[in-house]
Amino acid sequence: MGPSSWFSILFITSIVAASKPCFPGCSCEIETFGLFDSFSLTKVDCSGVGSHIVPVSIPLDTSYLDLSSNKLEHVNDSVLSGPGYTTLVNLNLSYNQIVKISSTTFSKLRYLESLDLSHNRLEALPDHSFFFSPLVELDVSFNKLEEIKIGAFTSQNNGKAMNIDLSNNLISTLTRGSDYPLPNVRSLNLSGNRLRSVQGLQGIPLQSLNLDKNPISKIEEHNFLGLKSLTHLSLSNMPDLREIAPRSFSEIPSLLVLDLSNNPNLVSLSEEVFFGLRSLQELNLLNSGVESLPKDTIHHLPSMKSITWGTDIHCIKTMKEDQFHLQNGLVRREVLVCRNDRGAVSAQDVL
Ligand SMILES: *[C@@H]1O[C@H](CO)[C@@H](O)[C@H](O)[C@H]1NC(C)=O
Ligand SMILES: *[C@@H]1O[C@H](CO)[C@@H](O)[C@H](O)[C@H]1NC(C)=O
Ligand SMILES: *[C@@H]1O[C@H](CO)[C@@H](O)[C@H](O)[C@H]1NC(C)=O
């Protein structure tokens, strides 16, 4: 049997779960999978037990620990240490009442890849809060964070790219120090905060940025300077947004998707707003105040595939064969075909 058939058997073999003895109040499950149960991981669920649950001792090979909904106010490195914690990959501390963490709180969790701190009462994240953990997923949404220093997310070797959710906090400033390397953040969700301008993001290797629902009134030139890898940008649901300065997006050449939907007070966009968006494939202007785009906009967007518009107009770029041109037959050219729920709309009406 070749290596590839062994490989498929490994994954076809179903996952088997079994309970094992556990700390009172918690449940411990072992999941084994692979041929001859060759892999196993232990999930420990101590959710909804109460604040007396910590410190909790967990089996040696624990991968998942759920400490959510326990009214916990304090967690520190002595709570999160001991056998079992060193191998932890996934820790859930959501729905507690944690007010503060320090730069050592998670320092013993050398294999931690996913940390859920959502729905707590955190007011600040100190520098290097997650320095020793190879985090991939970090959720700090629904807390009371007011100021973010981007250095909070710097990690030891900056190896893995992180997805960070900071949505639904009270963040009004985002700053960066100059003395540490920039964290390797791939996706950043700042939706539902109190940012009045785009700030502090220069040079972070972001691929996806969400700034929805912030009181930003103007997007300015150089706001996105140094975000060369950015492919998805969402600037929607911003009642205060009135203006996008010319060339605001000219420094994000990789951008594929731009969401400007539900911005009712954004009523006009100049042709130069679209300068430099050579990769842009999707533009969403659904329910925005913009009623028409300058005539030549589409020429600045050579990769454009679709524009969504008005209350429900969807335009798709298609090739059209044009018979009126030249003696030697058909000429193909690109046109925007737009439709709403009642049928076809002429592209001239919308562009
Ligand atoms: C760590 O937290 C536990 C539980 O809240 C507390 O009992 C302990 O005193 C704390 N230890 C330190 C060093 O702060
Ligand atoms: C953490 O626990 C909460 C509450 O049970 C759950 O909603 C959430 O999905 C969990 N987070 C992760 C990353 O699994
Ligand atoms: C960002 O957070 C908002 C609010 O929590 C959520 O609705 C949205 O799906 C998130 N977006 C991404 C790209 O994660």
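A residue is near a molecule when its C-beta atom, placed from the backbone, lies within 6 Å of it. With that cut-off in mind, select ligand 2, which is surrounded by Ser47, Ser68, Asn92, Ser94, Tyr95, Ser114 and Asp116. Everything here belongs to a predicted model, in which local features need pLDDT of at least 70, side-chain atom pairs count only at pLDDT 80 or more, and totals for chains, interfaces and linings use all residues. Residues are numbered from 1 along each chain as its sequence is written, while chains are lettered from A and ligands numbered from 1 in the order in which they are written.

Colour the shells by residue class, with Ala, Val, Leu, Ile, Met, Phe, Trp, Tyr, Cys and Pro as nonpolar, Asp, Glu, Lys and Arg as charged, and the others, Gly among them, as polar. The shell of ligand 2 then divides into one nonpolar, five polar and one charged residue. Around ligand 3 you will find Ser141, Ser167, Asn168, Asn189, Ser191, Gly192 and Asn210, a shell of seven polar residues with no nonpolar and no charged ones.

Next, show the strands, which are DSSP runs of E with at least two residues, numbered from the N terminus; two of them pair if DSSP finds at least two bridges between them. Strand 7 (residues 137-139) runs parallel to strand 9 (residues 162-165) over three bridges, with Leu138 bridged to Ile164 in strand 9. Strand 9 also pairs in the parallel sense with strand 11 (residues 185-189), over four bridges, and there the partner of Ile164 is Leu188.

Now select Ser57, in the loop between strand 3 (39-45) and strand 4 (62-66). Leaving aside neighbours within four places in sequence, Ser57 is in contact (C-beta atoms within 7 Å) with Phe23 and Gly82.

Finish at the largest nonpolar core, which has 71 residues, with Leu206, Leu230 and Leu255 making the most contacts inside it; such a core is a set of buried Ala, Val, Leu, Ile, Met, Phe, Trp, Tyr and Cys residues joined through C-beta atoms within 7 Å.

How values were computed. Contact = placed C-beta atoms within 7 Å. Buried ≥ 20, exposed ≤ 12 C-beta atoms within 10 Å, placed from the backbone.
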